[in-house]
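Here is a short briefing on one protein chain. Look at the sequence and the fold, then work through the points.

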Amino acid sequence: MNLELYRTRDGSDTVRIVELDECYHSRRGAVNESRHVFVNAGFLDWVRLHPEKTNVRIFELGFGTGLNTLLTCEAVAALNGIEVEYH
């Protein structure tokens with residue numbers, strides 16, 4: 001399998017599988033997609049719905065490029081008092 005970096009429209013990179021012409025993230029924006037789907041609509045919505053919780057466990061099946069983890073860490077740094085256990 002041949003992999004290459006692919007620059008998406010938001011200027012962030014993703015990985016492209018050459019033989020399938022398939023990308024790990026949206027061609028319109030890898031970072032924008034991960035922030036919208038994983039961080040904002042997933043992690044941060046959960047935090048807002050459970051303000052009493054101070055510990056969050058996240059299980060991500062298929063680590064891929066690690067972008068979701070990186071952006072989640074960025075979001076956690078902006079919050080006070082939330083601990084994340086990431087698997």
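The structure holds 0 aromatic pairs. Here, rings of Phe, Tyr and Trp (its six-membered ring) pair if their centres lie within 6.5 Å. This is a predicted model: local features need pLDDT of at least 70, side-chain atom pairs count only at pLDDT 80 or more, and totals for chains, interfaces and linings use all residues. Residues are numbered from 1 along each chain as its sequence is written, and side-chain values use heavy atoms, leaving out hydrogens and water.

**Confidence**
- The chain has a mean pLDDT of 94 (the predictor's confidence in each residue, from 0 to 100).
- 100% of the residues reach 70 or more.

**Charge over a ring**
- Arg27 lies over the face of Tyr6, at 5.1 Å from the ring centre.
- The cut-offs for this are CZ of Arg or NZ of Lys within 6 Å of the ring centre and within 35 degrees of the ring normal.

**Strands β1 and β2**
- Strands are DSSP runs (E, at least two residues), and helices are too (H or I, at least four), numbered from the N terminus.
- β1 and β2 run antiparallel, joined by 5 bridges; two strands pair if DSSP finds at least two.
- Glu4 stands opposite Arg16 in β2.
- Their hairpin has 5 residues between the strands, and Gly11 there takes a positive phi near 90 degrees.

**Contacts of Val56**
- Contact means heavy atoms within 4.5 Å.
- Leaving aside neighbours within four places in sequence, Val56 is in contact with residues including Phe43, Trp46 and Ile82.

Methods: Rings of Phe, Tyr and Trp (its six-membered ring) pair if their centres lie within 6.5 Å; planes under 30 degrees apart count as stacked, over 60 as edge-to-face and the rest as tilted.
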